[in-house]
Amino acid sequence: MEKKIKRAGVIGAGVMGATIAAQLANVGIETVLLDIVLPKLTDDDKKKGLTEESKAFRNKLAQNGVGIALKSKPASFYLPENAKLITIGNLEDNLEWLSDVDLIIEVVIELIKIKKIVFEKIETVLTPGTIVTSNTSGISAAAMCEGRSEEFRKHFAITHFFNPPRYMKLLEIVPGPDTLPEVIELLGETCEKIVGKGVVYAKDTPNFVANRIGVYSMLYVMEAMRDLGLTVEATDKLTGPVIGHPKSASFRTADLVGLDTLIHVSDNVYDGAPDDEKRDMFKAPDFVKQMIEKNLLGEKTKQGFYKKSKDSEGKKVILSLDYKTLEYTPQEKVKFASLEAAKNASGSGEKLKTLYYADDPAGQFTFRTLTETLIYSANRIPEIVDDIVNIDNAMKWGFGWKLGPFETWDAVGAGKSVAKMKEGGYQIPAWVQEMLDSGKESFYKKEAGAFFYFDPASKDYKEVPVKPGIILLPSLKDREKTVAENTGASLIDIGDGVACLEFHTKMNAIGDDIISMVNQSADIVSRDFKGLVVANHGTNFSAGANLPLVLFTAQEEEWDDLEWVIKTFQDSLMRLKYLDKPIVTAPAGMALGGGCEICLASDRVRYAAETYMGLVEAGVGLVPAGGGTKELFLRNTDHLFEVQKGGLYPKQIEFMPFVARAFESIAMAKVATSGPEAVKFGYLKATDKMTVNRDYQIQDAKNTVLAMNLEGYTPPRTRNDIRVPGGNTFAMIKLGLWSMHEQNFITDHDVTVSTKIGYILCGGNVIENTVVSEQYLLDLEREAFLSLCGDPNTQARIQHMLTTGKPLRN
């Protein structure tokens with residue numbers, strides 16, 4: 001498609017509007033953010049000397065919106081400087097700016113009367129061909145188009161972002177009655193590939209897809225809780241991670257969303273879907289109405305289903321609401337036999353089955369709530385969408401479920417669960433019963449490496465569409481494209497002469513298996529392939545070293561074994577760095593410790609926008625010893641040298657500021673909160689590139705490998721010319737550590753660990769500008785790592801991290 005969206009306008013600078021503008025800016029789309037002019041000056045405005053003509057007053061709402069986005073946690077911007085791509089203004093003075101944009105997104109209050117006023121204003125400056133969308137969560141597209149011109153209607157649609165827009169993958173696109181197909185195509189292409197969203201194409205029905213099913217599920221959970229006499233905290237235990245839902249479960253989610261917002265959404269279905277067979281479920285329960293009357297709305301009022309408080313000893317506690325009395329009480333311990341069994345079961349499917357078929361109160365609750373959600377979802381086809389794939393994607397991307405409703409149904413067994421539903425008196429949707437009666441036993445199936453879903457319209461399976469540019473490693477494995485594998489990693493042929501090294505341990509932690517496969521992959525790729533991509537579909541690229549193995553080996557004092565593991569890891573990454581074929585790493589999620597070091601050893605990195613990268617070993621009392629300390633030193637100091645006759649000579653610049661940058665990142669275990677921030681921290685290079693939508697990341701990395709070959713790839717040479725700062729810079733680092741320790745900013749053990757880091761970065765106690773090799777620095781890393789492994793404080797830190805998931809301060 002020739003037309004591209006390069007500039008956008010966002011109308012409405014509340015939390016949602018400002019954070020949508022932030023995400024547009026994150027991906028390089030220049031954005032105009034407009035809101036109304038407030039009716040009058042506040043006393044604070046007058047104290048600042050503002051008048052009603054002052055820009056600071058007239059643009060106040062838009063300025064505040066950007067400020068809120070900059071301060072938001074988690075961060076709305078990949079980098080704070082991305083806010084420079086947002087131009088603020090107001091609808092009275094700057095409306096004409098919208099004539100120069102390609103896309104206008106309306107994000108004002110959820111009242112159709114207000115939205116229509118905004119659209120009327122927009123039409124006075126609208127350039128033909130400009131797309132206008134609404135971020136409504138449930139108002140009809142047809143209703144919003146009423147009274148608008150034909151040009152407006154043809155270029156209008158709904159783009160429903162989920163909050164927070166940077167992190168929530170789902171975007172629902174809903175066309176109006178006259179929307180041109182090419183408008184929907186351009187929106188889909190832009191939102192998916194540039195903005196990074198997972199797009200679900202919904203029909204113009206109340207609350208569209210995710211909120212229609214998600215809110216029904218939440219309201220039924222409330223009913224089942226009351227019927228079975230469960231507490232709020234027990235309900236959350238049964239509707240959280242154990243069934244593949246987020247930790248916020250039901251009621252923490254309600255508190256985050258806001259009870260008033262939740263009921264507004266449910267009212268929208270009640271009013272807009274009179275033929276819904278479960279319409280009465282969308283009436284707010286009496287206790288919820290009472291909560292709203294008492295302003296118990298959740299996070300926004302500091303009290304909802306939960307409330308932060310302090311106990312008699314002054315310790316922070318979180319109280320839960322007794323919905324019968326609307327009083328807050330200490331949370332009770334939740335104990336159900338089936339819940340404990342489910343926690344110990346392996347994988348989401350087994351956990352679900354354990355609860356779904358249990359007879360205790362937890363089992364009864366799970367059976368009722370899941371059954372209602374599954375049947376309700378099935379009855380929404382073809383009302384809200386035409387297929388099960390869009391429903392499953394909407395719930396996974398918008399509500400954070402690991403499995404969508406129909407994937408869940410398969411997990412508990414379609415036939416077996418339907419039999420149990422019938423015993424319980426439930427009416428099975430006709431198309432589901434027809435599917436089972438025809439001998440089809442599941443909603444999805446795999447066949448010859450392809451993935452199929454049951455289509456109610458054709459009453460047969462159809463292949464799940466895979467868009468060009470998306471590489472699915474499991475599908476390639478099913479098609480026997482695995483070249484080599486062990487329990488920790490696989491080497492897969494991804495086509496065009498490129499292989500992919502995939503990790504598949506828990507958290508993709510690096511142990512013997514992965515190290516072995518790195519070496520094996522290097523041999524195979526050097527011989528048989530054009531290059532290598534290192535990537536996987538895990539939530540995290542790699543959480544780093546296998547800490548339980550490190551701790552066990554250290555406690556057993558198997559020092560030779562531990563040194564061998566570290567040396568082998570170092571050698572494997574040096575092997576990747578100097579391989580005669582290009583290596584492109586594609587991290588996403590956490591790339592910590594050893595996972596970061598793999599990226600540092602690669603020729604290029606094709607990073608996901610949501611990449612959280614850092615050398616975090618200091619947090620458990622260790623140092624990066626897979627070449628990470630060495631690489632960060634080189635990245636911060638190599639530019640200080642220039643080629644002259646006879647070799648490399650330093651420019652007249654002090655080492656210390658540049659070594660300090662590397663030291664700070666390692667000693668403070670700094671983790672970048674986005675891919676672009678990892679570039680800023682020096683973990684990634686400016687030549688490394690970002691993929692916003694992770695679905696396309698492996699293909700983008702593969703393309704990078706092919707492009708490097710087309711350009712004529714030349715592998716780097718082993719470094720024997722590294723000039724190190726030496727003893728003087730190391731002395732300055734030690735002086736800084738002494739000062740911080742004297743002021744009680746760091747502990748004794750922090751000084752020990754940081755001194756080791758400084759020693760490596762300075763190349764030891766040598767004369768400034770001493771020339772050393774990479775292997776020399778690797779040896780320093782390894783010696784420091786081993787010595788720290790024998791330190792009881794380090795072992796305590798590792799044990800605490802493994803037990804609690806949090807670093808320990810000695």
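## Buried residues, cores and sheets in a predicted model

Leu-326 counts as buried, because its relative accessibility is 10% and the limit for that class is under 20%. Leu-326 is found in the loop between strand S10 (316–322) and strand S11 (327–330). When residues up to four places away in sequence are not counted, Leu-326 touches Phe-287, Gln-290, Met-291, Lys-294 and Leu-321. One of these residues, Met-291, is 35 residues away from Leu-326 in sequence, while the C-alpha atoms of the two are 7.4 Å apart in space.

### Nonpolar cores and aromatic pairs

In soluble globular proteins, nonpolar side chains tend to be buried together. The largest nonpolar core of this model has 117 residues, and the members that touch the most others are Phe-305, Phe-406, Trp-409 and Phe-443. Helix H9 (residues 210–228) supplies the largest share of this core, with 11 residues. Apart from this core lies another one of 79 residues, which includes Phe-503, Leu-547, Val-620 and Phe-663.

With neighbours within four places in sequence left aside, Phe-406 is in contact with Ser-377, Ala-378, Ile-381, Ile-388, Ile-391, Asp-392, Trp-431, Phe-443 and Tyr-444. Phe-406 also belongs to a cluster, linked by ring pairs, whose other members are Trp-409, Trp-431, Phe-443, Phe-454 and Tyr-461.

Across the whole structure, a search finds 24 aromatic pairs. In one of them, Phe-503 and Phe-541 have ring centres 5.8 Å apart and ring planes at 45°, so this pair is classed as tilted. The pair links distant parts of the chain, since Phe-503 is in strand S17 (residues 498–503) and Phe-541 is in the loop between strand S18 (531–534) and helix H23 (547–555), 38 residues apart. Both partners are buried: Phe-503 has a relative accessible area of 3%, and Phe-541 has a relative accessibility of 1%.

The side chain of Glu-407 makes a polar contact, at 3.0 Å, with the side chain of Lys-396. Beyond neighbours within four places in sequence, Glu-407 is in contact with Asp-392, Lys-396, Lys-402 and Tyr-444.

### The sheet of three strands

Three strands form an open, antiparallel sheet in the order S12-S13-S14. Strand S12 (444–447) and strand S14 (460–463) are the edge strands, each pairing on one side only. From one strand to the next, the twist averages 35°. Strand S13 (residues 450–455) is joined to S12 by 4 bridges in an antiparallel arrangement, and within S13 the bridge partner of Lys-445 is Phe-452.

### The sheet of eight strands

A further open sheet has 8 strands in the order S3-S2-S1-S4-S5-S6-S7-S8, and its pairing is mixed. Strand S3 (86–90) and strand S8 (198–201) stand at the edges with a single partner strand each, so one side of each has no neighbour in the sheet. Neighbouring strands are turned by 25° against each other on average, with direction ignored. Helix H17 (residues 388–399) packs on this sheet, touching strand S7 (170–175) and S8, and the direction of H17 makes about 140° with that of S8.

| Strand pair | Bridges | Direction |
|---|---|---|
| S5 (residues 131–134) and S6 (residues 156–161) | 3 bridges | parallel |
| S6 and S7 | 5 bridges | antiparallel |
| S7 and S8 | 4 bridges | parallel |

Individual residues show how these strands are set against one another. Thr-133 has Ala-157 as its bridge partner in S6, and His-160 stands opposite Glu-172 in S7. Glu-172 in turn stands opposite Val-200 in S8.

Why can S7 be called largely enclosed by the rest of the structure? The reason is that 5 of the 6 residues of S7 are buried.

How values were computed
Residues numbered from 1 in each chain as written. Predicted model: local features only at pLDDT ≥ 70, side-chain atom pairs only at ≥ 80, totals over all residues. Heavy atoms only, no water. Core = buried A, V, L, I, M, F, W, Y, C linked by side-chain atoms within 4.5 Å. Buried < 20%, exposed > 50% of the residue type's maximum accessible area, 1.4 Å probe, protein only. Helix = DSSP H or I, 4+ residues; strand = E, 2+ residues; numbered from the N terminus. Contact = heavy atoms within 4.5 Å. Polar contact = N/O pair within 3.5 Å; in protein donor to acceptor, adjacent residues only side chain to side chain. Pairing = 2+ DSSP bridges. Axes fitted to C-alpha atoms, helices over the stretch in contact; angles between N-to-C directions. Phe/Tyr/Trp six-rings, centres within 6.5 Å; stacked < 30°, edge-to-face > 60°.
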